Amino acid sequence: MSDTKTVRFGILGCIRFASKFVRTVTQSSNAVIIAISDPSLETAKTFAATNNLSPETVKIYGSYEELLNDENVDAVYLTMPVTQRGKWAVTAAEKKKHVLVEKPPAQDSTELEKIVEACESNGVQFMDGTIWLHHQRTVKIRDTMFDSGLLGDVRHMYSTMTTPVPEQVLERLTKEAMGLAGAIGELGWYPIGAALWAMSYQMPISVRALPSSVSTNSVGTILSCTASLQFGSTATAIVHCSFLSQLSTDLAISGSKGSIQMNDYVIPYKEDTAWFEYTCGAKFVDMHIGWNVTPEKVTVDCGGTAETQEAMMLREFTLLVEGIKRGDLEADRRWAEISKKTQLVVDAVKKSVDINCEVVHL
């Protein structure tokens with residue numbers, strides 16, 4: 001019988017980005033990597049060597065099937081291209097493996113629904129890798145601004161996720177590698193998710209891609225897009241994602257009583273600390289020569305690598321898996337619901353692009 005206090009992970013897809021997960025697990029007290037896999041055995045061996053994963057303690061497989069057939073693996077972390085995640089996430093769930101999958105977890109809502117159904121029917125936990133949701137700063141903002149009433153009702157949000165890709169690489173970004181939504185899925189997942197988070201996951205009633213904002217490469221992969229989201233009659237959001245712009249991860253939220261501003265909401269400037277700025281009751285002073293307040297800065301100390309957003313996500317996931325293994329808990333469906341709502345809006349923005357940037361009603 002396995003130790004319920006230690007979650008044994010397998011990695012599906014030995015890409016360079018997965019090294020960050022290895023680092024997080026290595027620093028954890030309740031998780032361990034016992035297997036890795038890649039369609040290329042040589043790639044898996046190189047990944048193991050690069051990340052100091054000894055073949056004596058970590059099995060190295062040249063196929064995903066072999067790892068999923070390993071009965072010692074409790075949970076899997078999926079990092080392969082989004083076009084492959086649906087198939088292997090479902091297969092993992094059917095093999096009774098808990099599923100932690102990079103975002104976006106699927107190509108569209110239909111595929112994501114199949115993943116979630118497989119996880120629920122097999123009693124395993126599902127979670128996507130949207131790490132910023134687990135950061136202590138995110139929790140602090142919720143407590144300080146939303147739950148306290150300082151922000152008031154959300155009126156408008158502006159959020160971005162942009163990162164530059166070399167021009168010679170842009171043409172190699174195919175739909176086979178990036179998925180049908182292109183940048184909307186790969187990058188837009190963050191600003192769309194941020195808007196939903198700010199609205200406590202109330203769904204927008206309509207979305208529209210802005211016509212002049214959509215850029216594609218020669219094979220039709222979406223490289224850049226801006227969209228507007230309408231939440232009821234009182235709240236709106238503008239979200240922007242792009243492979244053509246300098247790195248930006250901005251999140252600004254305007255409420256009826258206050259406002260919040262961050263420029264690093266996806267990945268903080270510093271790993272061990274993060275901050276946000278807010279104002280309440282702001283107005284211009286007489287003659288409009290200045291403001292009556294200056295932004296207040298709230299700093300959150302992450303206490304070193306043990307409290308990073310990656311570590312907090314892993315802790316949340318492993319605690320759920322441990323509870324399920326003991327029989328004390330059932331899978332927490334909240335994370336699947338967050339993913340499904342985000343995917344629905346991603347799909348709607350993509351649909352708007354497909355129909356010449358017309359409004360799509362949800």
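**Figure 1. Salt bridge across the interface of domain 1 and domain 2.** Across this interface the rule finds 1 salt bridge, defined as a side-chain nitrogen of Lys or Arg within 4 Å of a carboxyl oxygen of Asp or Glu. R23 pairs with E271, and their closest N and O atoms are 2.8 Å apart. Side chains of opposite charge can pair when their charged atoms come close. The model is predicted: local features need pLDDT of at least 70, side-chain atom pairs count only at pLDDT 80 or more, and totals for chains, interfaces and linings use all residues. Residues are numbered from 1 along each chain as its sequence is written, and side-chain values use heavy atoms, with hydrogens and water left out.

**Figure 2. The two domains and the area between them.** The domain assignment, automatic or from a database, gives domain 1 as 7–130 and domain 2 as 132–307 + 343–361. Their C-alpha centres lie 28 Å apart. In contact (heavy atoms within 4.5 Å) are 17 residues of domain 1 and 19 residues of domain 2. The buried area is about 1500 Å², with 51% from carbon and sulfur atoms; this is the accessible area (1.4 Å probe) that two parts lose on being put together, summed over both. On the side of domain 1, K103, S109 and T130 lose the most area to domain 2, together 38% of what that side buries.

**Figure 3. Polar contacts and the elements of domain 1 at the interface.** The rule finds 7 residue pairs in polar contact across the interface, both residues at pLDDT 80 or more. A polar contact is a pair of N or O atoms within 3.5 Å; within protein, one must be able to donate a hydrogen and the other to accept it, and residues adjacent in sequence count only if both atoms are side-chain atoms. Two or more residues each come from α1 (18–26), α4 (82–94), α5 (109–121) and β6 (126–128) on the side of domain 1 that touches domain 2. Helices (H or I, at least four residues) and strands (E, at least two) are DSSP runs, numbered from the N terminus.

Figure 4. K20 forms a salt bridge with E310, the closest N and O atoms being 2.7 Å apart. K20 lies in α1 and E310 in α11 (residues 309–326), so the pair ties together parts that are 290 residues apart in sequence.

Figure 5. The peptide bond from K103 to P104 is cis, with omega near -10°. P104 sits in the loop between β5 (98–101) and α5. K96, in the loop between α4 and β5, has a positive phi of about 65° although it is not a glycine.
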